[in-house]
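Trainee: I am new to this structure and would be grateful for a close look at a single part of it.

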Amino acid sequence: MTGSSPVDDDRGWLVTVFAVPVILLTLVSAYFCWTALTIRPSGAWDDDAYAGIGLACVMSVGAAGAAAVVWVLPLVRRVLGWGWVVPALVLGAVAGVRWAAGG
């Protein structure tokens, strides 16, 4: 008897279900990374802008880390490849570099 197994039939739905949180967390990370990169302090005295940059970086790195944690789960990793989590990791790295550069 030739035919696909029931597990193969569910793979499309599993990709959809598991991709949703990874995509949403990547979008959150992208928003905060963009925010961290576009805030420009008026001068060395602009503590509020520096605090905003730091907060945006923390949120971006946190969302990227959460996306990576979701992807690391064995069931999710079997269904979703590296391509699903790499954008979040890149955004987290960019935000981390911005944060380390002193905001």
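Which residues does Ala 64 touch, not counting residues up to four places away in sequence?

Mentor: Ala 64 touches Ser 29, Ala 88 and Gly 92 when residues up to four places away in sequence are not counted; contact here means heavy atoms within 4.5 Å. The model is a predicted one, in which local features need pLDDT of at least 70 and side-chain atom pairs count only at pLDDT 80 or more, while totals for chains, interfaces and linings use all residues. Residues are numbered from 1 along each chain as its sequence is written, and side-chain values use heavy atoms, with hydrogens and water left out.

Ala 64 belongs to helix H2. Helices (H or I, at least four residues) and strands (E, at least two) are DSSP runs, numbered from the N terminus. Ala 64 counts as buried because its relative accessibility is 4%; buried means under 20% relative accessible area, exposed over 50%, and partly exposed in between, with a 1.4 Å probe and protein chains only. One of its contacts, Ser 29, is 35 residues away along the chain, yet the C-alpha atoms of Ala 64 and Ser 29 are separated by 5.7 Å.

The surroundings of this residue can now be described. The protein has four helices and zero strands, in the pattern α-α-α-α along the sequence. Of the contacts with a separation of 6 or more, 73% are between residues 24 or more positions apart. Among the 103 residues of the protein, 29% count as buried.

The largest nonpolar core has nine residues: Phe 18, Ala 19, Val 22, Ala 68, Trp 71, Val 76, Val 79, Leu 80 and Val 85. Such a core is a set of buried Ala, Val, Leu, Ile, Met, Phe, Trp, Tyr and Cys residues joined through side-chain atoms within 4.5 Å. Helix H1 (6–38), helix H2 (47–72) and helix H3 (74–79) each supply at least two residues of this core, and the largest share, three residues, comes from H1. Ala 19, one of the core residues, touches Leu 14, Leu 80 and Trp 84, again not counting residues up to four places away in sequence.

The structure holds zero disulfides, a disulfide being a pair of cysteine sulfur atoms within 2.5 Å. Cys 33 is in no disulfide, and the nearest cysteine sulfur, that of Cys 57, is 7.3 Å away, which is too far for a bond. Cys 33 is buried, with a relative accessible area of 3%, and Cys 57 is buried as well, at 0%.
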